[in-house]
Amino acid sequence: MGHPELAEKFVANTKRMHWHDKALWFVREKRDLASKSIDEWEELRRVASEIKAHTINNLDKYLLEFEKNAKAKGIHVHWAKDANEHNEIVLNLLNKIGAKKLVKSKSMLTEECHLNPFLEKNGIEVVDTDLGERIVQLRGEVPSHIVLPAIHLKKEDVGTTFEKYLGTQKGNSDPTYLTREARKHLREKFLGADASMTGVNFAIAQTGGVVVCTNEGNADLGASLPKLHIASMGLEKVIPRLKDLSIFTRLLARSATGQPVTSYTSHFHAPVVDGEMHVILVDNGRSDIIANEDF
C-alpha cells in the first residue's frame with residue numbers, strides 16, 4: 001500500500017487525525033520559539049544558505065578534498081552512483097568480516113536506499129537503534145517523518161507493540177517504563193553486534209571527519225563497540241570548513257525539534273583501535289537534481 005492509500009486510511013479516523021495535527025504543531029511551535037531565542041536567527045539562516053550554495057557549486061572540489069583528508073586519517077572512502085551500488089558496498093563490507101548482526105542509527109539515506117530489506121534478504125540481522133526507528137521497524141512500517149519517525153503513533157500503540165515483540169507488561173503504556181524496556185532490549189543488541197552503521201549529518205572537507213547528531217547517544221554506542229563502522233552520506237552533506245559547522249549546529253536542533261542543541265553532536269575522525277571506518281558517498285540522483293535548472 002502506497003503513501004496516498006495509507007494517508008487516506010489514517011485521516012479517516014478524525015479523532016486520531018486531530019491528535020496527530022496537535023502533535024506536529026506542538027513541535028512546530030517549539031521550533032518557532034527556539035528561533036526567536038537568538039537575535040541573529042535570520043542572519044544564521046542566510047549565512048548557512050550561502051555556504052550550502054557555494055558548496056553545491058563547488059561540490060566536486062569539496063568531495064575530493066574530503067576524500068583526501070579522510071583517507072589520511074585511515075578512513076576508507078567509497079563512491080556509490082545509486083542505491084543498489086550503496087547496498088552492495090555495505091553487504092561486501094559485512095561479508096568481508098563475516099558479520100551477521102548490524103546495529104544502525106537513524107539514517108534517512110539508508111531508508112531511501114531500502115537497505116534493511118536488502119540486508120535481511122542476504123542473511124544480515126539489522127537493528128535500528130533510534131527508538132522511534134526501532135518502534136516502526138518492529139511494526140513493519142516505514143518512518144512517517146524525517147525527524148520524528150514514530151510521530152504517528154500513540155504511547156498505547158507503542159505499548160502493544162512492545163508487549164508483542166519485547167514481552168513487556170500487558171496494557172502498560174507508561175512512557176518511562178517503555179523507554180527503560182527499550183533500553184534493555186537495545187543494550188543487548190549493541191553488545192552482540194558485529195558491525196555498526198550511522199548516517200552523516202555533516203562531512204567536513206577540511207578535516208575529513210563526519211559529524212552525527214542524535215538525542216539518544218545510540219550512534220556513539222554503536223560506532224564505539226564493534227570494530228567496523230560504516231557511515232552513509234548523500235553527496236550534499238559535505239561542508240567546506242570546521243568553522244562552518246557551528247553555523248549549522250546552531251540551526252539544526254532549533255529547526256528540527258525546538259532544542260538549543262542536540263544531546264549528542266559526535267565527531268568521527270578515525271576508526272576505533274584495531275578497527276575499520278568506511279564512509280560511502282552516495283549520489284542516487286543527486287547529480288541530476290543539481291544539473292536541473294529548476295532546482
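Guide: The expected span of a helix is 1.5 Å times one less than its number of residues. With that in mind, and remembering that this is a predicted model, we can turn to helix α2, which runs over residues 14-35 and has 22 residues. From its first C-alpha to its last, α2 reaches 31 Å, close to the 32 Å expected at 1.5 Å a residue.

Next comes the question of which residues of α2 are hidden and which are open. A residue is called buried when its relative accessible area is under 20%, and exposed when that area is over 50%. By this rule the buried residues of α2 are R16, H20, A23, V27, R31, A34 and S35. These residues cover an arc of only 125° around the axis, and therefore they lie on the same side of α2. What they pack against is a set of other helices, namely α1 (3-11), α3 (41-57), α9 (155-165) and α12 (242-257). The face of α2 turned away from this buried side carries the exposed residues K15, K22, W25, F26 and L33.

If we leave aside its neighbours within four places in sequence, Q169 is in contact with E163 and Y177. Between Q169 and A193 there are 27 Å in space, C-alpha to C-alpha, and the two are 24 residues apart in sequence.

T110, found in helix α6 (residues 108-112), is buried, because its relative accessible area is 2% and so lies under the 20% limit. Not counting residues up to four places away in sequence, T110 touches H86, K104, L115, M197 and S232.

Two of these names, K104 and M197, return among the residues that line the largest cavity, together with others including V103, F190 and N218. A search of the whole structure finds 1 cavity of 30 Å³ or more, and about 30 Å³ of space lies in the largest cavity. The elements that give two or more residues to its lining are β2 (101-104), β4 (195-198) and α11 (218-224), and α11 gives the most, with 4 residues. In kind, the lining residues of the largest cavity divide into 5 nonpolar, 6 polar and 1 charged.

How values were computed: Residues numbered from 1 in each chain as written. Predicted model: local features only at pLDDT ≥ 70, side-chain atom pairs only at ≥ 80, totals over all residues. Heavy atoms only, no water. Buried < 20%, exposed > 50% of the residue type's maximum accessible area, 1.4 Å probe, protein only. Arc of directions from axis to C-beta. Contact = heavy atoms within 4.5 Å. 1 Å grid on protein atoms, 1.4 Å probe; cavity = no way out; pocket = protein on both sides within 12 Å on 5 of 7 lines; lining within 4 Å. Points joined across faces, edges and corners; volume = space filled by probe spheres on them. Nonpolar A, V, L, I, M, F, W, Y, C, P; charged D, E, K, R; others polar.
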